[in-house]
Amino acid sequence: MGAGRAVAKSAPSAPTPALPREGRAQDHGNDLAPLLQVDGVSLEYRTPERVVRATHRVSFDVHAADRFVLLGPSGCGKSTLLKAVGGFIAPVEGEIRLDGQRVTQPGPDRIVVFQEFDQLPPWKTVKQNVMFPLLASRTLGKKEAAERALHYLDKVGLAKFADVHPHQLSGGMKQRVAIARALAMQPRVLLMDEPFAALDALTRRKMQQELLELWDEVRFTLLFVTHSIEEALVVGNRVALLSPHPGRMRAEVNSHGFSLASSGGAEFQTTAQRIHDMLFEEEHAEAAV
Ligand SMILES: Nc1ncnc2c1ncn2[C@@H]1O[C@H](COP(=O)(O)OP(=O)(O)O)[C@@H](O)[C@H]1O
Ligand SMILES: [Mg+2]
């Protein structure tokens with residue numbers, strides 16, 4: 001545990017540099033402007049009785065084709081952050097920008113895939129489910145929407161199931177439909193909130209693998225939320241660590257070199273342990289006082 005804490009506080013070190021950040025947008029340099037900028041964002045829930053601060057001054061930049069993962073324990077504000085990027089909740093502090101434009105409302109350029117299997121209306125066929133947002137947003141006409149739906153269903157291996165209803169599908173297959181539906185909208189950023197958390201362990205690994213293969217093919221930009229350290233390292237090329245409630249940025253880890261194939265290896269395990277220690281560092285510190 002000592003090693004992880006030392007790394008969190010010191011300069012980046014081999015083999016997988018952890019880059020402590022101060023919660024401010026930085027290192028823009030000569031880079032292209034980031035696709036998505038979350039800049040000093042605090043989010044709150046207000047009820048008549050009290051105010052719950054879900055995140056505190058969180059900052060990160062997502063670049064085109066990043067697989068950016070928000071990792072943190074339950075209740076640290078991951079879903080709330082995703083909702084804010086989705087335009088469903090407004091920050092009380094800071095700002096979220098997509099292509100340099102402030103996010104103020106939901107839009108077809110940001111589509112969310114949730115954990116729940118019931119995100120597909122059961123009375124629509126698989127194909128109709130995938131077509132629906134394309135039609136509802138008037139992105140495409142009926143014929144083009146059907147073509148695009150089949151294209152993305154094929155990409156997730158479900159072209160054969162286009163005409164069945166969701167109740168005839170397994171949990172993993174439903175999530176594939178939800179992913180196809182989201183990708184069919186060709187969003188600027190695909191938002192995923194623990195999309196595989198309700199699946200059994202084997203299916204979950206398979207879905208992680210498939211998501212990476214899909215990314216290889218389509219090169220979408222992904223903002224992915226999980227509380228699983230292993231999943232974060234496998235799915236992401238960059239992982240942002242959020243402290244327990246209220247969520248603050250603790251560090252950013254470059255996870256580019258990890259995959260399902262390396263997940264049993266020593267380097268992977270060491271990094272996972274280090275991340276675990278960083279995530280809970282504050283609690284340890286408080287306990288020690
Ligand atoms: N609708 C809500 N009203 C009040 N508090 C909420 C609401 N939704 C979430 N919270 C609180 O905000 C914090 C962050 O929640 P959430 O974003 O769901 O965390 P995570 O997704 O990381 O588990 C938690 O303390 C949670 O209890
Ligand atoms: Mg959540």
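The following exercises treat the chain as a whole, then a sheet, a helix, a ligand shell and the core.

This is a predicted model, in which local features need pLDDT of at least 70 and side-chain atom pairs count only at pLDDT 80 or more, while totals for chains, interfaces and linings use all residues. Residues are numbered from 1 along each chain as its sequence is written, and chains are lettered from A and ligands numbered from 1 in the order in which they are written.

**Exercise 1.** State how many helices and strands the chain has, and what percentage of its residues is buried.

Solution. Step one: helices (H or I, at least four residues) and strands (E, at least two) are DSSP runs, numbered from the N terminus. The chain has 9 helices and 11 strands. Step two: a residue is buried if 20 or more other C-beta atoms lie within 10 Å of its own, exposed if 12 or fewer, and partly exposed in between, with C-beta atoms placed from the backbone. Of the 289 residues in the chain, 40% are buried.

**Exercise 2.** In the open sheet of 4 strands, determine the strand order and explain why β3 and β6 count as edges.

Solution. Step one: two strands pair if DSSP finds at least two bridges between them. The order is β3-β2-β5-β6, and the pairing is antiparallel. Step two: β3 and β6 (101-102) each have a single partner strand, so one side of each is left without a neighbour in the sheet. Step three: 2 bridges connect β5 (residues 93-98) with β6, and arginine 97 has arginine 102 in β6 as its bridge partner.

**Exercise 3.** Describe the burial of helix α2 and the residue that comes just after this helix.

Solution. Step two: just after α2, glycine 87 has a positive phi of about 90°.

**Exercise 4.** Identify the element that gives the largest share of the shell around ligand 1, and classify the shell residues.

Solution. Step one: a residue belongs to the shell if its C-beta atom, placed from the backbone, lies within 6 Å of the molecule. The residues around ligand 1 include Tyr45, Gly75, Lys78 and His245. Step two: β3 (51-62) and α2 are the elements that give two or more residues, and the largest share, 3 residues, comes from α2. Step three: Ala, Val, Leu, Ile, Met, Phe, Trp, Tyr, Cys and Pro count as nonpolar, Asp, Glu, Lys and Arg as charged, and the others, Gly among them, as polar. The shell accordingly has 4 nonpolar, 7 polar and 1 charged residues.

**Exercise 5.** Locate the residues with the most contacts inside the largest nonpolar core, and list contacts of leucine 241.

Solution. Step one: a nonpolar core is a set of buried Ala, Val, Leu, Ile, Met, Phe, Trp, Tyr and Cys residues joined through C-beta atoms within 7 Å. The largest has 72 residues, and Val85, Ala180, Ala240 and Leu241 have the most contacts inside it. Helix α5 (residues 171-184) gives the largest share, 7 residues. Step two: two residues are in contact if their C-beta atoms, placed from the backbone, lie within 7 Å. Beyond residues up to four places away in sequence, leucine 241 touches several residues, including Leu71, Val253 and Met278. Step three: strand β10 (residues 238-242) is joined by 5 bridges to the antiparallel β11 (residues 249-254), with 6 residues between the two strands of this hairpin.
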